[in-house]
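Student: I would like to go through this structure feature by feature. Please give the general idea each time, and then the case at hand.

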Amino acid sequence: MSNLRMTSDLRRQLILGAAKRCFARNGFAGTTTKSVAAAAAISEGLLFKHFPSKAALYAEILAEECEADPDLAHLLGQEPSTKTLVELIRGMVGHFMQISSGSDDEEAQRLRFMTTSHLDDGEFARLLYAKVGDLIGPVFTGSLDRAIAAGDASRVGSEPLNLFWFAHHTVLMAALTRLPAIPCLDYGNAADLERQLCQFILRGIGLNEAAIASHLDLALSSIPAPSVAAESA
């Protein structure tokens, strides 16, 4: 059984490797499951046994890239705490704010794809949200619980993971306003925007002013912004 499982896992990685090459060469729209199967030297039917759709393939690739990000891996390895919570929010804000206005780079394209998924069948967005939630959700909720226990935060509502998604939605929408060649909104100075967004979100998830003042300056000055998903898409 273990040999069969290993064979299946290796085949899955083979498919993902072929898909990465196809997406890099042809983009999402120009890639088909048939072309990925051909690149992996397998049948399309066998590909579907591992990945039910092209969106599932793409979401898995993004999730693997997210997990492989060293800054995010470092953050996820930290003990849950108020400090970890502030660093996580700062990383999320920093990642989305790095997606440049009018850019055609890969991150901007992913953000566009994530947005159009919401307006289409939502499959890709659902898959990516599930993967990001599994990866980052436990660290967020665990750190929020610790912050509340330490007196650094008040509980907001009965579904703490919702607060993570509210934070994600906020930075996603802020990034969307900056995607067109002429941004939809002028938020002003980038550093001031990053700080203001962090403060807005941290207050919204329940942190008190003393905790924000104690941890945010340190996070903004010394911690690289990890690629907290999502994506960006």
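Predicted model: local features only at pLDDT ≥ 70, side-chain atom pairs only at ≥ 80, totals over all residues.

Student: Which residue does Glu 107 meet in a salt bridge?

Tutor: The general idea is that side chains of opposite charge can pair when their charged atoms come close. Here the partner of Glu 107 is Arg 110, with an N to O distance of 3.5 Å. Both residues belong to helix H7, which covers residues 106-119. They are three residues apart, about one turn of the helix. Arg 110 counts as buried because its relative accessibility is 5%.

Student: How many salt bridges does a search of the whole structure find?

Tutor: The search finds ten. Another of them joins the side chains of Asp 145 and Arg 155, at 3.6 Å from N to O. Asp 145 is in helix H8 (residues 123-149), while Arg 155 is in the loop between H8 and helix H9 (160-176), so this pair ties together parts that are ten residues apart in sequence. With a relative accessibility of 37%, Asp 145 counts as partly exposed.

Student: What is the distance between the closest N and O atoms of Glu 209 and Arg 203?

Tutor: In that salt bridge the closest N and O atoms are 2.7 Å apart. Glu 209 is partly exposed, at a relative accessible area of 45%. Arg 203 is partly exposed as well, at 42% relative accessibility.

Student: Which residues are linked in a network of salt bridges?

Tutor: Arg 12, Glu 60 and Lys 131 are linked in this way.

Student: Next, helix packing. At what angle do H6 and H8 pack?

Tutor: Two packed helices are described by the angle between their axes and the distance between the axes. For helix H6 (residues 82-97) and H8, the angle is about 135° and the axes are 8 Å apart. This angle makes H6 oblique to H8. Their crossing is left-handed. On the H6 side, the contact is made by Thr 82, Thr 84, Leu 85, Leu 88 and Ile 89. H8 contributes Ile 136, Val 139, Phe 140, Ser 143, Leu 144 and Ala 147. By class, the residues of this contact are eight nonpolar, three polar and no charged.

Student: How do the axes of H9 and H10 cross?

Tutor: The axes of H9 and helix H10 (residues 190-204) cross at roughly 155° and come within 10 Å. That angle makes H9 roughly antiparallel to H10. The crossing is right-handed. From H9, the contact takes in Leu 163, Ala 167, Thr 170, Val 171 and Ala 174. From H10 come Leu 197, Phe 200, Ile 201 and Gly 204. The classes here are seven nonpolar, two polar and no charged residues.

Student: Last, a single residue. Where is Tyr 129, and is Tyr 129 buried or exposed?

Tutor: Tyr 129 is placed in helix H8. Its relative accessibility is 17%, so Tyr 129 counts as buried.

Student: Which residues is Tyr 129 in contact with, leaving aside its neighbours within four places in sequence?

Tutor: The contacts of Tyr 129 are then Met 114, His 118, Trp 165, His 168, His 169 and Leu 172. As for Arg 112, Tyr 129 is 17 residues from it in sequence and 15 Å from it in space, C-alpha to C-alpha.

Conventions: Residues numbered from 1 in each chain as written. Heavy atoms only, no water. Salt bridge = Lys/Arg side-chain N within 4 Å of Asp/Glu carboxyl O. Helix = DSSP H or I, 4+ residues; strand = E, 2+ residues; numbered from the N terminus. Buried < 20%, exposed > 50% of the residue type's maximum accessible area, 1.4 Å probe, protein only. Contact = heavy atoms within 4.5 Å. Axes fitted to C-alpha atoms, helices over the stretch in contact; angles between N-to-C directions. Parallel < 35°, antiparallel > 145°, perpendicular 65-115°, else oblique. Left-handed = near helix turned anticlockwise from the far one by under 90°. Nonpolar A, V, L, I, M, F, W, Y, C, P; charged D, E, K, R; others polar.
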